[in-house]
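These notes are for a colleague opening this entry without having seen it before. Please read them with the chain in view.

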Amino acid sequence: MLPEKWKCFCCPPIVKPPRRGVIVPMDSTRPEHEQQIQTQAHQLLAQAQTSPVKPKRKKSDLTLAAVVIIQTWFRRRRALYEMRRKTAWTIYQNIEYAGEQDQLKLYNFFLELMQAVTKNPHDAQVVAKVLRRNSSLTGLVEEIETENLATAEVISVESSYRGPHIHTPIHKGHFEALIIAFQRGEMLHAHYVFLILHELRNILKRLPNINIVSTHQSKCVTVVGDLHGSLADLMVIFHKNGLPSNENPYIFNGDIVDRGFQSIEVFLLISVAFIVYPNNVYLNRGNHEDHVLNLRYGFMKEIIYKYKSNATRLLRLMENIYSWLPIASLIDDHIFVTHGGISDITDIKKINQIKRHKYVSVLSPSFIIPPNEDQFQISSIPNDILLEWRQILDLLWSDPKQSDGCEPNTYRGGGCYWGPDVTQQVLQKHNWSLLIRSHECKEEGFGYSHDKKVLTIFSASNYYAAGSNRGAYVKVMTNQPVVIVQFMSTRTSQRTLTLWERVSYVEDQAIKNLAEKFTANKSRLMHEFQLFDVQNTGRISVNDWCDVVTRVLDLQLPWRTLKSRLVDTDTNGNVVYESTFRSRELQFTSSVSTNTRRESLCQAIYRNKDLLETVFRAIDKDNSGVISMQEFTEVCSFLGKHNGSTLDEKQIMDLAASIDLNKNGVIDFNEFLEAFRIVDIGDRL
């Protein structure tokens, strides 16, 4: 290495502004070129001292600037996530409540047909059979009929059965054995199912309409909201909060069944816990503890699938058990717990006087369908009976609203909307401090309203889709504020989703559900679109497109926000309305050729498939899973009248014959649905 004084002069010198004073070597005999370099250095130093220099930024300033940039980016990203999630949430809720509206509209449609008995007695007779679940027997005769409906003794247990065995008296060991068996995916034998349900019914019959709960001995009681057949959520609650016991009481606030495919397992576990600890496990009836809703939302289908040969008797027994469930609970005389809510006529004294077992179905009470259908007159119903019915209907179906007053719940189609003034009035009248209710899915599993005097608890996580919402339960302690515990159940084989993945999945599922609505209503939408497209350009304005889809689909959604995910637009911003149906279409997969009218008929049937399944399950009185050609024709005619469209009888018969693929003279409902598929166009390319 060369000494320091040897420097290379073959390259042009590069001089940088010095960070500190230049140190000149103490050498008196410097060459001329060194003196030149020294002179240039002095000049640069003098220039640096005279010219303004930007102050050096501190490290802390740079860190703060970076934090601000990151926070800004994160907040914008989070706001985008929240907007997408809330949009998806709105889609799910609108579709769900529209389904409940359709269920009640269908019921009202049945009533209108019954009122037209003089015009068509046959229709009225069929409808009466569809709706009627209340026994015409009374008193001791009815009791004997229910007891003999399906006793465990008449159902033998096969030697090949390897599941859990239950015997009376039912104890804690049976409860723990059932938990292990259900987690393994085992199914309880029908013999033991009837044994448990009869024991449950015998205890329920002795209970008042409103459970009286005290925390003075246990110091705490846990309130669980809607579970909707989610065994995973029930297991999470038991894991986090402990199993029910005399020291750990529970209140299950309704909607135990429907929607989830493990409803019978969840109901049996809660029933066994109630039998083992009858003084510390409490059951409230929900709006889905009703056979009319079970027809549509899956519980009846689940029972038929799992217990085919005993499905009819099991469903009849379940309907009777629903009628004996208490309709509310009162904790320490000041916290009222009910499934739906209250109204301006809620009165605890009147509620206690109701004979609740009359209401086998709250949507189809006995006074609406009397024993003699031929003399049915809805106008003859006494006002006091209607007010009594409203007491129960409002407790099971109502929702809170932000504005004052009490009005019919048109969003769901049943119960009422009640405001903060009604809450204040009812709580003050009964000396209550808090109303705990369920009935409404919340993104965080819970939600306060009316100045924190109303608490909503929803315990079914992932209700709409994986990651769509948390579940929660509330712990009520003596003379202390309530404690809310949140959770979210996940499969053991599934990794935890990131925020981006969770929001994207929920959004995709919501858009998929919405796309099916578009496809099912294609003919009606295209007709409305073409009315605005006078020049037949295939394009309409965004305003017109939003108005049409809102009116036809009857969904109040932010269509402008959703537009980019549903349709294409041209350079002028107009909507290419045919692109609404480009990604998905309704395809009739049988070999029968279809014309334009037949395609419209298929879409009408698919659009009403939920209603159609409800009617099919009801008409199939023996729950055999099949219906005759004549029954199929009658149902299609009913739906055609209900939707205001005239369906050609020959087309209906041709369609029924084509769906009967094995030509056995009857139609399996699953076979019927298989004939109509929603398929991706991309799958055929």
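1. Five strands make an open sheet with mixed pairing, in the order β4-β3-β2-β13-β14. At its edges stand β4 (281-283) and β14 (483-487), each with a single partner strand, so one side of each is left without a neighbour in the sheet. Direction ignored, neighbouring strands of this sheet are turned by 20 degrees against each other on average. Strands here are DSSP runs (E, at least two residues) and helices are DSSP runs (H or I, at least four), numbered from the N terminus; two strands pair if DSSP finds at least two bridges between them.

2. This is a predicted model, in which local features need pLDDT of at least 70 and side-chain atom pairs count only at pLDDT 80 or more, while totals for chains, interfaces and linings use all residues. Residues are numbered from 1 along each chain as its sequence is written, and side-chain values use heavy atoms, with hydrogens and water left out.

3. Strand β2 (residues 220-224) pairs with strand β13 (residues 471-477) in the antiparallel sense, over five bridges. In this pairing C220 stands opposite M477, and V221 has V476 as its bridge partner.

4. How many of the residues of β2 are buried? Five of its five residues are, where buried means under 20% relative accessible area, exposed over 50% and partly exposed in between (1.4 Å probe, protein chains only). C220, T222 and V224 point one way from the strand, and V221 and V223 point the other way.

5. A right-handed β-α-β unit is made by β2, helix α7 (residues 231-241) and β3. The term right-handed applies if, with the strands pointing away from the viewer, the path from the first strand over the helix to the second runs clockwise.

6. Helix α5 (residues 172-183) includes H174. Its twelve residues should span 16 Å at 1.5 Å a residue, and its end C-alpha atoms are 17 Å apart, which agrees; the expected span is 1.5 Å times one less than the number of residues. Just after α5, G185 takes a positive phi of about 90 degrees.

7. Which residues of α5 are buried? They are H174, F175, L178, I179, A181 and F182. These buried residues pack against α6 (190-204), α7 and α8 (263-276). An α-helix has 3.6 residues a turn, so residues three or four places apart point the same way.

8. H174 counts as buried because its relative accessibility is 6%. Not counting residues up to four places away in sequence, H174 touches H165, I166, H167 and P169, contact meaning heavy atoms within 4.5 Å.

9. A second open sheet has three strands in the order β7-β9-β8, again with mixed pairing. Its edge strands, β7 (399-400) and β8 (406-408), each pair on one side only. Three bridges join β8 to strand β9 (residues 416-418) in the antiparallel sense, and P408 stands opposite C416 in β9.

10. For "domain: EF-hand", UniProt lists residues 520-555, 607-642 and 647-682 in an unreviewed entry. Such positions are given in the numbering used here, feature names are shortened, and annotations may be inferred rather than shown by experiment. Over residues 520-555 the chain is 67% helix and 6% strand, with end C-alpha atoms 14 Å apart.

Methods:
Axes fitted to C-alpha atoms, helices over the stretch in contact; angles between N-to-C directions.
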